[in-house]
Amino acid sequence: MNDILLAAPTDSAHWRRASAADLIEYLITRFHERHRVQLPELVRLARRVEHTHAGKPSCPSGLADVLETLYQELESHMLKEEQVLFPMLARGMHQQARAPISVMRFEHEHHFGALEEIGRLTDGLAVPPEACNTWRALYGGLQAFQEDLTQHIHLENDVLFLNSSHAAEGARDA
Ligand SMILES: [Fe+2]
Ligand SMILES: [Fe+2]
């Protein structure tokens with residue numbers, strides 16, 4: 001399988017001690033750029049599997065469309081982070097960041113909803129005995145994508161955004 005589809009472990013304890021600028025650079029290169037490679041490839045594989053195995057009860061019908069929609073939503077979400085929110089956080093504009101952070105947290109919940117939908121359509125990514133190599137590559141790639149997106153959102157919600165909220169509260173109470 002293509003290396004880009006494989007998840008690599010990340011260490012949140014390390015990132016809790018890092019600067020916002022370093023964490024932002026890591027989020028963009030390790031997750032945003034990777035999702036931009038992963039998702040078009042997963043859409044392509046899903047279209048092939050749905051086409052080849054149409055009619056089989058285990059065929060994940062509708063998966064390619066769900067992935068295509070998620071790709072568009074994630075792309076617009078990541079652009080807002082890269083162009084608006086991350087520059088604010090890198091400059092320490094924590095009060096101004098509160099509203100965009102709450103929008104991004106809301107969108108993250110929506111992304112988790114899409115992962116649940118993918119789980120329903122693929123029977124929890126269980127590879128059926130009749131699966132061909134493309135089907136196996138698709139579910140392996142989806143597993144890696146799911147782990148990447150979960151870790152990506154965790155580092156934003158529970159490290160980057162949380163640190164900013166604490167800084168905003170500290171500045172207000174000072
Ligand atoms: Fe992000
Ligand atoms: Fe995000």
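**View 1. Asp 123 sits in the loop between α4 and α5.** This is a predicted model, and here we zoom in on one residue of that loop. Asp 123 isn't a glycine, yet its phi is positive, at about 55 degrees. Is Asp 123 buried or partly exposed? Asp 123 has 13 C-beta neighbours inside 10 Å, so it counts as partly exposed.

**View 2. Leu 125 is in the loop between α4 and α5 too.** Leu 125 has a positive phi of about 60 degrees, and it isn't a glycine either. Count the C-beta neighbours of Leu 125 inside 10 Å and you get 15, which means that Leu 125 is classed as partly exposed.

**View 3. Now for a helix pair: α4 packs with α5.** For α4 and α5 (residues 133-173), the angle is about 160 degrees and the axes are 10 Å apart. That's why α4 is called roughly antiparallel to α5. The crossing of α4 past α5 is left-handed. On the α4 side, the residues that take part include His 94, Arg 98, Met 104, His 108 and Leu 115. On the α5 side, look for Leu 142, Leu 149, Ile 153, Phe 161 and Ala 171, among others. Sort the residues of this contact by class and you find 12 nonpolar, 7 polar and 3 charged.

**View 4. Helix α4 (residues 94-121) also packs with α3 (residues 63-90).** What is the angle between α3 and α4, and how far apart are their axes? The angle is about 160 degrees, and the axes lie 10 Å apart. So α3 and α4 are roughly antiparallel to each other. Their crossing is left-handed. From α3, the residues that meet α4 include Leu 63, Leu 70, His 77, Glu 81 and Met 88. Their partners in α4 include Gln 96, Pro 100, Met 104, His 111 and Leu 121. By class, the contact of α3 with α4 has 15 nonpolar, 3 polar and 3 charged residues.

**View 5. Here's the largest nonpolar core, with 20 residues.** In soluble globular proteins, nonpolar side chains tend to be buried together. Inside this core, the residues with the most contacts are Leu 42, Val 43, Ala 46, Leu 67, Leu 138 and Leu 142. Which helices each supply at least two residues of this core? They are α2 (20-52), α3 and α5. The largest share, 7 residues, comes from α5. Take a closer look at Leu 67: leaving out residues up to four places away in sequence, Leu 67 touches Leu 39, Leu 42, Val 43 and Ala 46. Another core, of 14 residues, lies apart from this one, and its members include Ala 97, Leu 155, Val 159 and Phe 161.

**View 6. Let's step back to the chain, which has 5 helices and 0 strands.** Starting at the N terminus, the elements run α-α-α-α-α. The C-alpha atoms fill a box of roughly 65 × 25 × 25 Å, taken along the principal axes. Of the 174 residues in the chain, 28% are buried. And among contacts between residues at least 6 apart in sequence, 76% join residues at least 24 apart.

Conventions. Residues are numbered from 1 along each chain as its sequence is written. Chains are lettered from A and ligands numbered from 1 in the order in which they are written. This is a predicted model: local features need pLDDT of at least 70, side-chain atom pairs count only at pLDDT 80 or more; totals for chains, interfaces and linings use all residues. Axes are lines fitted to C-alpha atoms, for helices over the stretch in contact, and angles run from 0 to 180 degrees between N-to-C directions. Helices (H or I, at least four residues) and strands (E, at least two) are DSSP runs, numbered from the N terminus. Angles under 35 degrees count as roughly parallel, over 145 as roughly antiparallel, 65 to 115 as roughly perpendicular and the rest as oblique. A crossing is left-handed if the near helix is turned anticlockwise from the far one by less than a right angle, and right-handed if clockwise. Two residues are in contact if their C-beta atoms, placed from the backbone, lie within 7 Å. Ala, Val, Leu, Ile, Met, Phe, Trp, Tyr, Cys and Pro count as nonpolar, Asp, Glu, Lys and Arg as charged, and the others, Gly among them, as polar. A nonpolar core is a set of buried Ala, Val, Leu, Ile, Met, Phe, Trp, Tyr and Cys residues joined through C-beta atoms within 7 Å. A residue is buried if 20 or more other C-beta atoms lie within 10 Å of its own, exposed if 12 or fewer, and partly exposed in between; C-beta atoms are placed from the backbone.
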